[in-house]
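Subject: Structure handover

Hello,

Please find the structure below. My notes on it follow.

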Amino acid sequence: MSEEALPESWVVWNDEPDGRCILAYRPDVFDTRQFPPECLPTIYLAQGTPNRPPQERRATDSWYLKFYLEPDVTLSETPRFPTRDEAFDAAVELAAEFARGDVDYRACYQVPREAYLDRLDELTGRDA
C-alpha cells in the first residue's frame with residue numbers, strides 16, 4: 001500500500017498489515033472549524049463486508065470497499081475484489097473520482113444538509 005498512489009487530498013489513516021486499510025479525505029479541513037470531524041469522508045478496505053465483526057470478516061477471501069461520507073451515510077455500492085491489492089487500486093481510483101468531484105455524494109443523503117453539501121462541493125470542485 002503506497003500513500004504516494006493516492007490523490008493529494010487523501011491520506012492513509014490506518015493500514016493493518018494484510019488487513020483493513022482506511023483512507024481519509026482532507027483530515028486537515030475536517031477539524032471542527034471548517035468542516036465537522038464526524039463528516040470526514042473515509043474509504044474502508046476490509047476482508048469481508050465492513051459491517052461484520054472482525055472474526056467473520058476474515059472468514060472470506062474477498063475484499064470489499066465501503067465509502068463513508070458520515071457514520072450513517074455511505075455510497076450504496078460495496079464493490080468486491082479477489083485480492084487486497086486490487087481492492088486498494090480500486091480505492092485509489094474511487095478517492096481520485098471523489099477528489100475530482102465525480103462522485104454524486106448528494107444522492108446518498110435522504111435529508112440533504114444543503115449548506116454542508118455546498119461547502120463540500122466547493123472543496124471537491126463540483127461547484128465549478
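Contacts of Arg84

The side chain of Arg84 reaches the backbone oxygen of Glu16 at 3.1 Å. It also reaches the backbone oxygen of Gly19, at 2.7 Å. Both are polar contacts, meaning a pair of N or O atoms within 3.5 Å; within protein, one must be able to donate a hydrogen and the other to accept it, and residues adjacent in sequence count only if both atoms are side-chain atoms.

This is a predicted model, in which local features need pLDDT of at least 70 and side-chain atom pairs count only at pLDDT 80 or more, while totals for chains, interfaces and linings use all residues. Residues are numbered from 1 along each chain as its sequence is written, and side-chain values use heavy atoms, with hydrogens and water left out.

Arg84 lies in helix α2 (residues 84-100); helices (H or I, at least four residues) and strands (E, at least two) are DSSP runs, numbered from the N terminus. Arg84 is buried, with a relative accessible area of 13%, where buried means under 20%, exposed over 50% and partly exposed in between (1.4 Å probe, protein chains only).

Strands

β1 and β2 form a hairpin with 5 residues between them, and Asp18 in the turn has a positive phi of about 55°. Strand β2 (residues 21-25) has 5 of its 5 residues buried. Cys21, Leu23 and Tyr25 point one way from β2, and Ile22 and Ala24 the other way.

Strand β1 (residues 10-15) runs antiparallel to β2, joined by 5 bridges; strands pair if DSSP finds at least two bridges between them. Strand β3 (residues 42-47) is also antiparallel to β2, with 4 bridges. Cys21 has Asp15 as a bridge partner and Leu45 as its partner in β3.

Regards
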